[in-house]
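Hi there,

Here is the structure I promised to pass on to you. Have a look at it first, and my notes on what turned up follow below.

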Amino acid sequence: NTLDCLRHHPGISDELNDLAVADFLLFDNNQDLSTTAFADILRLAPAHTLQSEAGRVSTSRYWTLPEMAPLEGLRPQECLAQFRAVLDTAVADRLRTNSAAILMSGGLDSPTIAASLRRVADRRNVSCDLRAYTHIHERLIPHEEKKYAGLVAHSLNLPILFMDGDNCQIYDVFDDPDFCS
(Lines give C-alpha, C1' and ligand atoms only; values in the text may rest on other atoms or scores of the structure.)
Protein backbone atom coordinates (compact mmCIF):
# COMPACT_ATOMS: atom_id res chain seq x y z
CA ASN A 1 0.00 0.00 0.00
CA THR A 2 2.98 2.34 0.42
CA LEU A 3 3.76 2.30 -3.29
CA ASP A 4 0.13 3.10 -4.10
CA CYS A 5 0.23 6.07 -1.70
CA LEU A 6 3.43 7.37 -3.29
CA ARG A 7 1.98 6.99 -6.78
CA HIS A 8 -0.71 9.56 -5.94
CA HIS A 9 1.95 12.27 -5.64
CA PRO A 10 1.87 14.56 -8.70
CA GLY A 11 5.66 14.26 -9.15
CA ILE A 12 5.53 10.49 -9.56
CA SER A 13 4.90 9.12 -13.05
CA ASP A 14 3.31 5.79 -14.01
CA GLU A 15 6.50 4.81 -15.86
CA LEU A 16 7.68 1.31 -15.03
CA ASN A 17 11.25 0.31 -14.25
CA ASP A 18 11.83 -2.16 -17.09
CA LEU A 19 14.84 -3.79 -15.42
CA ALA A 20 12.96 -4.41 -12.17
CA VAL A 21 9.99 -5.87 -14.06
CA ALA A 22 12.34 -8.11 -16.10
CA ASP A 23 14.08 -9.25 -12.89
CA PHE A 24 10.71 -10.14 -11.41
CA LEU A 25 9.70 -12.12 -14.49
CA LEU A 26 13.04 -13.94 -14.71
CA PHE A 27 13.97 -14.42 -11.04
CA ASP A 28 10.68 -13.96 -9.10
CA ASN A 29 12.08 -10.86 -7.38
CA ASN A 30 13.81 -7.58 -8.08
CA GLN A 31 17.58 -8.12 -8.05
CA ASP A 32 18.38 -4.47 -7.25
CA LEU A 33 17.15 -3.88 -3.69
CA SER A 34 17.31 -0.10 -4.09
CA THR A 35 14.68 0.04 -6.86
CA THR A 36 11.00 -0.79 -7.28
CA ALA A 37 8.84 -1.69 -10.26
CA PHE A 38 8.22 2.06 -10.77
CA ALA A 39 10.92 4.22 -12.34
CA ASP A 40 10.31 7.22 -10.04
CA ILE A 41 10.12 5.29 -6.76
CA LEU A 42 13.30 4.08 -5.13
CA ARG A 43 13.69 1.93 -2.05
CA LEU A 44 16.15 2.34 0.79
CA ALA A 45 18.48 -0.64 0.48
CA PRO A 46 18.89 -2.93 3.50
CA ALA A 47 21.35 -1.72 6.16
CA HIS A 48 21.33 1.87 4.83
CA THR A 49 20.27 5.20 6.29
CA LEU A 50 18.81 8.13 4.39
CA GLN A 51 19.60 11.71 5.33
CA SER A 52 18.01 14.84 3.91
CA GLU A 53 19.48 18.29 4.57
CA ALA A 54 18.81 21.53 2.73
CA GLY A 55 17.23 19.73 -0.20
CA ARG A 56 20.13 17.32 -0.58
CA VAL A 57 19.48 13.61 -0.04
CA SER A 58 22.20 11.08 0.70
CA THR A 59 22.33 7.46 1.73
CA SER A 60 25.04 5.56 3.54
CA ARG A 61 25.54 1.98 4.57
CA TYR A 62 25.66 1.46 8.35
CA TRP A 63 26.20 -2.29 8.48
CA THR A 64 27.69 -5.11 6.43
CA LEU A 65 27.50 -8.80 6.99
CA PRO A 66 30.75 -9.91 8.62
CA GLU A 67 32.78 -12.32 6.53
CA MET A 68 34.05 -15.44 8.19
CA ALA A 69 37.48 -16.85 7.55
CA PRO A 70 37.56 -19.44 4.78
CA LEU A 71 37.12 -23.03 5.91
CA GLU A 72 40.00 -24.23 3.75
CA GLY A 73 42.43 -26.48 5.55
CA LEU A 74 40.02 -27.34 8.35
CA ARG A 75 39.23 -30.94 9.13
CA PRO A 76 35.58 -32.02 8.66
CA GLN A 77 35.12 -32.20 12.46
CA GLU A 78 36.30 -28.59 12.80
CA CYS A 79 33.88 -27.44 10.09
CA LEU A 80 31.05 -29.27 11.83
CA ALA A 81 31.96 -27.73 15.20
CA GLN A 82 32.02 -24.25 13.65
CA PHE A 83 28.64 -24.83 11.97
CA ARG A 84 27.14 -26.09 15.25
CA ALA A 85 28.43 -23.03 17.11
CA VAL A 86 26.93 -20.62 14.57
CA LEU A 87 23.62 -22.51 14.43
CA ASP A 88 23.37 -22.73 18.22
CA THR A 89 24.03 -18.99 18.50
CA ALA A 90 21.23 -18.27 16.01
CA VAL A 91 18.81 -20.63 17.79
CA ALA A 92 19.71 -19.21 21.23
CA ASP A 93 19.10 -15.70 19.92
CA ARG A 94 15.57 -16.69 18.93
CA LEU A 95 14.75 -18.74 22.05
CA ARG A 96 13.63 -15.89 24.28
CA THR A 97 11.43 -17.92 26.65
CA ASN A 98 11.62 -21.28 28.36
CA SER A 99 9.19 -22.87 25.91
CA ALA A 100 9.37 -23.58 22.21
CA ALA A 101 7.69 -25.72 19.61
CA ILE A 102 8.97 -26.96 16.30
CA LEU A 103 7.14 -28.30 13.28
CA MET A 104 9.15 -31.48 12.90
CA SER A 105 9.60 -33.35 9.68
CA GLY A 106 11.47 -36.51 8.96
CA GLY A 107 13.95 -34.62 6.79
CA LEU A 108 17.15 -32.78 7.68
CA ASP A 109 16.29 -29.11 8.36
CA SER A 110 13.86 -29.25 11.27
CA PRO A 111 15.66 -32.14 13.05
CA THR A 112 18.92 -30.16 12.82
CA ILE A 113 17.24 -27.12 14.36
CA ALA A 114 15.55 -29.31 16.98
CA ALA A 115 18.93 -30.80 17.95
CA SER A 116 20.34 -27.29 18.28
CA LEU A 117 17.31 -26.26 20.33
CA ARG A 118 17.91 -29.20 22.67
CA ARG A 119 21.62 -28.30 23.06
CA VAL A 120 20.79 -24.65 23.79
CA ALA A 121 18.07 -25.55 26.29
CA ASP A 122 20.34 -28.07 28.05
CA ARG A 123 23.16 -25.50 28.25
CA ARG A 124 20.83 -22.99 29.92
CA ASN A 125 20.34 -25.54 32.69
CA VAL A 126 16.75 -24.47 33.32
CA SER A 127 13.56 -26.39 32.78
CA CYS A 128 12.33 -25.81 29.24
CA ASP A 129 9.04 -26.87 27.71
CA LEU A 130 10.10 -28.06 24.26
CA ARG A 131 7.62 -29.78 21.96
CA ALA A 132 7.38 -31.04 18.41
CA TYR A 133 4.41 -31.24 16.07
CA THR A 134 4.08 -33.11 12.80
CA HIS A 135 1.31 -33.36 10.23
CA ILE A 136 1.05 -36.92 9.05
CA HIS A 137 -0.70 -38.37 6.04
CA GLU A 138 -1.15 -42.09 5.86
CA ARG A 139 -3.79 -42.31 3.13
CA LEU A 140 -3.83 -39.01 1.24
CA ILE A 141 -0.07 -38.77 0.65
CA PRO A 142 1.52 -41.94 2.03
CA HIS A 143 4.94 -41.28 3.51
CA GLU A 144 7.09 -42.17 6.50
CA GLU A 145 7.10 -38.74 8.16
CA LYS A 146 5.66 -40.16 11.38
CA LYS A 147 8.39 -42.79 11.64
CA TYR A 148 11.35 -40.47 11.07
CA ALA A 149 10.01 -37.44 12.97
CA GLY A 150 9.18 -39.79 15.84
CA LEU A 151 12.71 -41.21 15.87
CA VAL A 152 14.20 -37.71 16.01
CA ALA A 153 11.80 -36.58 18.74
CA HIS A 154 12.51 -39.69 20.78
CA SER A 155 16.29 -39.30 20.47
CA LEU A 156 16.04 -35.63 21.55
CA ASN A 157 13.56 -36.40 24.34
CA LEU A 158 10.93 -34.10 22.81
CA PRO A 159 7.25 -34.89 23.20
CA ILE A 160 5.69 -34.98 19.73
CA LEU A 161 2.09 -34.59 18.64
CA PHE A 162 1.19 -36.25 15.36
CA MET A 163 -1.64 -34.33 13.73
CA ASP A 164 -3.84 -36.27 11.32
CA GLY A 165 -3.57 -34.57 7.96
CA ASP A 166 -5.83 -37.06 6.18
CA ASN A 167 -8.99 -35.92 7.95
CA CYS A 168 -8.36 -32.24 8.65
CA GLN A 169 -10.17 -29.35 7.03
CA ILE A 170 -8.54 -26.00 6.40
CA TYR A 171 -8.88 -23.79 9.51
CA ASP A 172 -10.81 -26.52 11.36
CA VAL A 173 -8.92 -25.86 14.61
CA PHE A 174 -8.30 -22.14 14.06
CA ASP A 175 -10.38 -21.08 17.09
CA ASP A 176 -9.62 -24.15 19.25
CA PRO A 177 -7.79 -22.89 22.38
CA ASP A 178 -6.36 -26.37 23.05
CA PHE A 179 -4.63 -26.31 19.67
CA CYS A 180 -3.09 -22.86 20.31
CA SER A 181 -1.53 -23.70 23.68
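D88 counts as buried, at 5% relative accessibility (buried means under 20% relative accessible area, exposed over 50%, and partly exposed in between, with a 1.4 Å probe and protein chains only). Its salt-bridge partner is R123, with the closest N and O atoms 2.6 Å apart; a salt bridge here is a side-chain nitrogen of Lys or Arg within 4 Å of a carboxyl oxygen of Asp or Glu. R123, by contrast, is exposed, with a relative accessible area of 56%. Because D88 lies in helix α3 and R123 in helix α4, the pair ties together parts that are 35 residues apart in sequence. Helices (H or I, at least four residues) and strands (E, at least two) are DSSP runs, numbered from the N terminus.

Before going on, a note on the source: this is a predicted model, where local features need pLDDT of at least 70 and side-chain atom pairs count only at pLDDT 80 or more, while totals for chains, interfaces and linings use all residues. Residues are numbered from 1 along each chain as its sequence is written, and side-chain values use heavy atoms, leaving out hydrogens and water.

Back to the charges: the structure holds 9 salt bridges. One of them joins R118 and D122, with 3.4 Å between the closest N and O atoms. Both residues lie in helix α4, 4 residues apart, about one turn of the helix. R118 counts as buried at 17% relative accessibility, whereas D122 is partly exposed at 48%. Another bridge pairs R7 with D14, at 3.2 Å between the closest N and O atoms. R7 is partly exposed at 29% relative accessibility and D14 is exposed at 56%. D4, R7 and D14 are linked in a network of salt bridges.

Now the nonpolar core (a set of buried Ala, Val, Leu, Ile, Met, Phe, Trp, Tyr and Cys residues joined through side-chain atoms within 4.5 Å). The largest one has 18 residues, of which M104, A114, L117, L130 and L158 touch the most other members. At least two residues of this core come from each of α3 (76-94), β3 (99-103), α4 (109-124), β4 (129-136) and α5 (145-155). Helix α4 gives the most, with 4 residues.

Lastly, K146 lies over the face of F162, 5.4 Å from the ring centre; the rule asks for NZ of Lys or CZ of Arg within 6 Å of the ring centre and within 35 degrees of the ring normal.

Best wishes
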